[in-house]
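Please look through the sequence and the structure shown below before reading on.

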Amino acid sequence: MRTLDAVEEVLAMADVSFKHIEDREPESLIETALRTGRVVVVGHGIVGHQIVYSLFSAARRASSPIQILWIADRHDHRIASFGATGWHMPFLHGDPRIATWARRSFLNWPMLTELGFGNFLARTESVYLTRERGVHIPAGHPGTAMSSDPTAYSAPFYRRANFLDDGSIISTCSLMPKLYAAVEKLPGVTTRLLHLRDLGELLAVTAEFGAEIACVAAGDRAQFLLGDKRIEGDLGILLLVDIRKVPAPFDRIVLMDQDRDHELTYSIPHRACGHVCLGGASGRLVTEPEEYDELERGLADPARAPGYITEAVREIRDRVFERFPAFGPALAGSEIRYWYGLRPSAERAIAEWVPRGITGHIGVLHLGGLAGCGFTVVPAFVADGLAIRRPTPGMEAHLGRPTPAHSV
C-alpha cells in the first residue's frame with residue numbers, strides 16, 4: 001500500500017502542480033476533465049462504460065480533446081454486468097432516488113442508440129406474482145399495472161398477479177463484449193488491465209497519467225479499493241435455459257415472484273442471447289478476498305465451483321419447477337447451464353467525492369452500490385454523479401463530511 005506521502009512524491013516526479021486548485025470554485029468531474037484534458041476511470045461494468053462514454057461525449061460536444069485512462073483487472077463474464085438479467089425494474093434497493101433515476105433512464109439511453117446497440121434493448125411486458133393478499137409493484141416501474149389471474153401464466157402456485165404493459169430487457173451477456181469493444185475504440189480512450197489493490201495505488205496511477213481526477217466504478221470491489229465497508233458483494237445465481245425450449249409467452253415476458261427477496265424467483269428472457277434467465281439467489285454476502293478467489297476458480301472451471309453454488313443451482317431448479325411449471329421441459333436433463341456473480345450491495349446508491357483528507361490533491365469520485373439496479377438506472381445515475389461538484393478545502397474544513405456538497 002502506498003501512503004499519501006509516497007503519492008505526493010509521485011506527484012512531484014510527474015511534474016503535476018495542484019497549487020491552483022485551492023483558489024478554484026468547486027468543479028464537477030466533467031468540468032475538471034474538460035479543463036485538464038485527462039481523467040482516470042476504474043471499472044469495466046456497465047457504470048464504467050457509461051462514465052467513459054459520457055466523458056467522451058461531453059468532450060466531443062465541447063470540441064475539447066480528452067484522454068481517458070480506463071482501468072480494470074478484467075473485462076469478461078466475471079464482472080457482474082456481463083451476466084446481469086438486464087431487466088428495467090427498480091427492485092432490490094431501498095434507496096428512494098432509484099425510482100426517479102429509473103424513470104429517467106427508461107425514457108432515454110443515448111449510449112446504446114448512438115453506438116448502434118439499440119437492438120439489444122427489447123420492449124417487454126412483466127408479471128408480478130404473489131401468494132399474499134396484495135401485489136406490491138416497486139416505485140419507478142415502467143408501464144401501467146393491471147390486476148390479472150396467475151393461472152393465465154401457468155402459475156397456480158400464486159394467488160394474485162399484476163400485469164405491467166410496458167418495460168424493457170437488455171440482453172447483457174451478448175451486449176457487454178460488443179459494447180466494451182466499441183467504447184475502448186473511442187478516440188482518446190486507453191484501456192489498461194491492472195489490478196489496483198488500494199487507494200494509494202489508484203492515486204499513484206492517476207498522478208503518473210498526469211490527471212487531477214479519477215472516477216471509481218469498481219462495483220463490489222470498491223470495498224477493497226476504497227476501503228468502503230458500506231459496499232458488500234451479494235451473490236447472485238442464474239440458470240440459463242434454451243429459449244427455444246420455452247413455450248410462449250414466457251419466451252418474451254418476465255415473471256417475478258414478489259414475495260421473497262432472498263430467493264428472487266423469476267424468469268427473464270434474453271432474446272438476443274438465445275436463453276431465458278431463471279433465478280435466483282440473494283442475501284449471501286461475500287466480503288473476504290479468499291471467497292472471491294474461490295468463486296473465480298468456479299467461473300473458470302465449473303468443476304471447481306464451491307459446494308454452496310451447486311447446492312443453490314439445484315435449489316433454484318426445484319423452486320422454478322414448483323412455481324413456474326411451464327419451464328419443466330426446458331429444465332429437463334442432468335446438466336443445467338448457470339452463471340453467478342456479485343452484486344455491489346449497499347443500503348443506498350453511492351455517488352460522492354472521497355474526502356481530501358484521504359486523497360490529497362487528487363479528486364476521487366465514487367459511483368456505485370447499485371445492488372443489481374445498474375441497467376435500470378445507469379444513464380440518469382451517472383449523469384447526476386458526474387455533475388457533483390468537488391468541495392474546496394475550505395468547504396471541507398468548514399462543513400466536515402458527509403455533507404450535501406459531497407454527494408447527490
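Predicted model: local features only at pLDDT ≥ 70, side-chain atom pairs only at ≥ 80, totals over all residues.

Buried here stands for a relative accessible area under 20%.

Strand β6 pairs with β4 in the antiparallel sense, and five bridges join the two; within this pairing, valine 127 stands opposite phenylalanine 163 in β6. Strand β5 also runs antiparallel to β6, to which it is joined by four bridges, and here serine 148 is found opposite alanine 161 of β6.

## Strand β13, covered on both faces

Strand β13, made of residues 275-279, is mostly covered, with five of its five residues buried. In a regular strand the side chains alternate between the two faces of the sheet.

Strand β10, residues 232-242, pairs with β13 in the antiparallel sense over five bridges, and leucine 240 is placed opposite cysteine 277 of β13. Strand β12, residues 266-270, is likewise an antiparallel partner of β13, again over five bridges, with serine 267 standing opposite leucine 278. Together β12 and β13 form a hairpin that has four residues between the strands, and in its turn glycine 274 has a positive phi of about 85°.

## Salt bridges across the chain

The count of salt bridges in the model comes to 16. One of them joins the side chains of aspartate 384 and arginine 104, with a distance of 2.9 Å from N to O. This pair links distant parts of the chain, as aspartate 384 belongs to helix α13 (residues 374-386) and arginine 104 to helix α4 (residues 97-107), 280 residues apart. Aspartate 384 has a relative accessible area of 24% and is therefore partly exposed, and arginine 104, at 36%, is partly exposed too.

A further salt bridge connects arginine 221 with glutamate 296, whose closest N and O atoms are 2.7 Å apart. Because arginine 221 lies in the loop between β9 (213-216) and α8 (222-225), and glutamate 296 in helix α9 (residues 289-300), the pair ties together parts that are 75 residues apart in sequence. Arginine 221 counts as partly exposed, because its relative accessibility is 22%.

## A buried pair and a network

Aspartate 257 and arginine 323 also meet through their side chains in a salt bridge, at 2.8 Å from N to O. Here aspartate 257 is part of strand β11 (residues 253-257) and arginine 323 is part of helix α10 (residues 307-323), so that distant parts of the chain, 66 residues apart, are linked. Are these two residues buried or exposed? Both aspartate 257 and arginine 323 are buried.

## A positive patch at the surface

Arg131, Arg133, Arg159, Arg160 and Arg260 form a positive surface patch. One of its members, arginine 133, is placed in the loop between β4 (125-130) and β5 (145-148). With a relative accessible area of 72%, arginine 133 is exposed, a term that applies over 50%.

Notes: Residues numbered from 1 in each chain as written. Heavy atoms only, no water. Patch = residues over 30% accessible without salt bridge, like charges linked within 9 Å, V, L, I, M, F, W, Y side chains within 5 Å. Areas by Shrake-Rupley, 256 points an atom, 1.4 Å probe, with all protein chains shown as cover. Salt bridge = Lys/Arg side-chain N within 4 Å of Asp/Glu carboxyl O. Lys, Arg positive; Asp, Glu negative; His and termini not counted. Charge placed at Lys NZ, Arg CZ, Asp CG, Glu CD. Buried < 20%, exposed > 50% of the residue type's maximum accessible area, 1.4 Å probe, protein only. Pairing = 2+ DSSP bridges.
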